[in-house]
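Reader: I am new to this structure and would like a close look at a single part of it. Please take the charged pairs and go through them slowly.

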Amino acid sequence: MGSHRTGKDWAVNHLDPPAIAFSSPTMRGQSNDPVCHGRDQPSSDFMTFTESVMNTDDIVLLEEAAEAIGYKHSDYPFKNEPGLYVLLDSTSGFYWNPLKENREAHELAVRLNLSIVLDTDGGAVQVGRHDFDDDVREEGAEDMCATTRRAIVKAASKVYWMNKE
């Protein structure tokens, strides 16, 4: 076992999420990978404040994506936090943000049976599922990994709304 502490490790037996939590090891560093712009490489224990700030649209997307896979989340205000605070039980939880975490976006895609088509030359991603009328399309050639994560989260949000009908 490594010495890194994840948000899940930190949160055991804590009622309220901290102002800036330990990020999971995969959210922290920078790599020299030109495609993914540094995600998923450990370096330090804390995220910078600018990495942690989320806008309201992202918060709503994360809430819907979490509910699509059965995660319960806190109503604790987390606009300035690194992600959605997912509850493990009534006293603990962890930060979850597939918009920033490749492995969490991958989990969404697998658990929701999403198919992903990349057009790296055109800088676009399409995410679909057997019961979608239209695939989710996201463009953003600067960072194809970020574009793919966002398309997956948007597709998970679409699954959430389909399940509500």
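Is lysine 154 buried, partly exposed or exposed?

Author: The model is a predicted one. In it, lysine 154 is partly exposed, with a relative accessible area of 31%. Its salt-bridge partner is glutamate 138, and the closest N and O atoms of the two are 2.8 Å apart. Lysine 154 belongs to helix H5 and glutamate 138 to strand E5 (residues 136-139), so this pair ties together parts that are 16 residues apart in sequence. Glutamate 138 is buried, at a relative accessible area of 13%, because the limit for buried is under 20%.

The structure holds seven salt bridges. One of them joins arginine 129 to aspartate 131, with 2.8 Å from N to O. Here arginine 129 is buried, with a relative accessible area of 17%, while aspartate 131 is partly exposed at 30%.

Another salt bridge links arginine 111 and glutamate 107, whose closest N and O atoms are 3.0 Å apart. Both residues lie in helix H4, four residues apart, which is about one turn of the helix. An α-helix has 3.6 residues a turn, so residues three or four places apart point the same way. Arginine 111 is partly exposed, with a relative accessible area of 45%, and glutamate 107 is partly exposed at 23%.

Helix H4 spans residues 102-111, and its buried residues include Leu108 and Ala109. The buried residues of H4 pack against H3, strand E2 (93-96), strand E3 (115-119) and helix H5 (144-164). Just after H4, asparagine 113 takes a positive phi of about 55°.

Definitions and conventions
Residues are numbered from 1 along each chain as its sequence is written. This is a predicted model: local features need pLDDT of at least 70, side-chain atom pairs count only at pLDDT 80 or more; totals for chains, interfaces and linings use all residues. Side-chain values use heavy atoms; hydrogens and water are left out. Buried means under 20% relative accessible area, exposed over 50%, partly exposed in between (1.4 Å probe, protein chains only). Helices (H or I, at least four residues) and strands (E, at least two) are DSSP runs, numbered from the N terminus. Contact means heavy atoms within 4.5 Å. A salt bridge is a side-chain nitrogen of Lys or Arg within 4 Å of a carboxyl oxygen of Asp or Glu.
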